[in-house]
Amino acid sequence: MNKQSELDYRFDTRVAVQYDALRGHPPAVSVEIGTAIADTMSANAAVLELGVGTGRIALPVAAAGCRVVGIDSSAHMLAALSQRLKSDGLDNIDLAQGDITALPFREGVFDGAMAIHVLHLVSDWAGVLKQVSRLVRPGGTLVLGRDWVDPESFSGMIRNYFRKTVVEVGTEMMPPGATAAAPPSGGAAIFKTLIALGAKPEGQGEQIGAEWQTKLTPRQVLDGIRSRDDAESWVLPDDVLAETMRRLDAFAADKWADLDAPQPVTRRFMMGVFRFAND
Ligand SMILES: C[S@@+](CC[C@H](N)C(=O)[O-])C[C@H]1O[C@@H](n2cnc3c(N)ncnc32)[C@H](O)[C@@H]1O
């Protein structure tokens with residue numbers, strides 16, 4: 001149906017304005033995430049955040065005692081963060097507008113780095129990790145974080161059906177930058193690359209940085225996707241979204257008798273923690 005081969009992931013004003021409302025964590029969860037990340041770093045660590053966005057993660061990490069340097073290519077996202085910095089009164093976050101594939105920092109200046117929902121947006125994510133391995137001092141930390149929704153929950157089921165359907169409907173679409181030669185970043189590929197760069201994972205797999213419950217109705221989740229109030233649907237061409245929603249509505253109507261009945265959803269912030277080798 002749709003011949004577009006690369007999705008449009010522009011972080012423009014519309015996205016910047018909506019980002020915190022849609023993706024923000026409840027305040028107490030935010031504090032928990034900031035503390036969990038800061039706890040993986042040395043005291044008063046200087047931490048580079050790749051794709052800092054609106055500071056959803058940088059702000060609580062800075063509040064937990066780290067000095068954060070955030071880099072992002074989107075002036076709109078950085079402007080939203082600058083506003084927050086003024087109102088929150090934090091002075092331990094520095095911002096730079098730039099591309100994470102060409103990081104403008106000196107070797108070894110950071111005690112740690114973090115990347116949350118950004119590597120999948122960059123085709124040369126392996127090159128980014130290589131640079132990070134030089135910018136973070138020996139013995140320093142890299143945290144790869146992601147939001148997790150219980151796949152067994154109704155919300156997880158709708159999301160999974162949505163993703164499967166988008167692939168069926170927009171058959172030629174793939175994440176930005178991904179090509180046959182440079183496949184999209186994924187847990188296993190990133191893990192392998194980091195090991196080759198001399199980083200060691202801490203613990204057995206990902207750690208839970210925070211876990212919390214929300215209550216939502218199936219209709220709220222469906223309407224969120226339909227109105228593009230969601231990171232995965234705002235990039236879809238109109239025809240792909242319309243056909244995907246037609247199939248998704250039918251799936252939900254078949255599965256849940258009352259689309260307005262609130263149901264619990266468990267959410268988590270997951271962290272892969274890696275330590276770079278000492279010299
Ligand atoms: C999904 S948002 C995540 C923001 C933040 N890490 C969070 O979890 O809230 C991705 C961010 O990465 C930025 N970004 C995408 N590609 C980038 C690149 N090549 N260089 C720098 N920033 C980039 C976008 O502008 C956006 O702010």
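**Group meeting: the ligand site and the nonpolar cores**

Hi everyone, let's begin at the ligand: by class, the shell around it has 10 nonpolar, 6 polar and 4 charged residues. Please keep in mind that what you see here is a predicted model.

So who sits around the ligand? There are 20 residues around it, and those that come nearest are Gly51, Arg56, Asp72, Ile100 and Ile116.

Let's look at some polar pairs. The side chain of Arg56 has an N or O atom 2.7 Å from an oxygen atom of the ligand. Over at Asp99, a side-chain N or O atom is 3.0 Å from a ligand nitrogen atom. Ile116 takes part through its backbone: a polar atom there is 2.9 Å from a nitrogen atom of the ligand. And how much of the ligand is covered by the protein? On its own the ligand exposes 600 Å², and 94% of that is buried by the protein.

Now, away from the ligand and on to the cores. As a general reminder, nonpolar side chains tend to be buried together in soluble globular proteins. Here the largest nonpolar core has 28 residues, and the members touching the most others are Ile37, Ile57, Cys66, Val68, Met114 and Phe269. Several elements give two or more residues to this core, including helix 3 (58-63), strand 4 (110-116) and strand 8 (263-276). Which element gives the most? That is helix 2, with 5 residues.

Have a look at Cys66 too: leaving aside residues up to four places away in sequence, Cys66 touches Ala38, Met41, Ala45, Val47, Val61 and Asn92. Finally, there is a second, separate core of 26 residues, with Phe110, Leu119, Leu129 and Ile190 among them.

Note on methods. Residues numbered from 1 in each chain as written. Predicted model: local features only at pLDDT ≥ 70, side-chain atom pairs only at ≥ 80, totals over all residues. Heavy atoms only, no water. Near = heavy atom within 4 Å. Polar contact = N/O pair within 3.5 Å; in protein donor to acceptor, adjacent residues only side chain to side chain. Areas by Shrake-Rupley, 256 points an atom, 1.4 Å probe, with all protein chains shown as cover. Nonpolar A, V, L, I, M, F, W, Y, C, P; charged D, E, K, R; others polar. Core = buried A, V, L, I, M, F, W, Y, C linked by side-chain atoms within 4.5 Å. Buried < 20%, exposed > 50% of the residue type's maximum accessible area, 1.4 Å probe, protein only. Helix = DSSP H or I, 4+ residues; strand = E, 2+ residues; numbered from the N terminus. Contact = heavy atoms within 4.5 Å.
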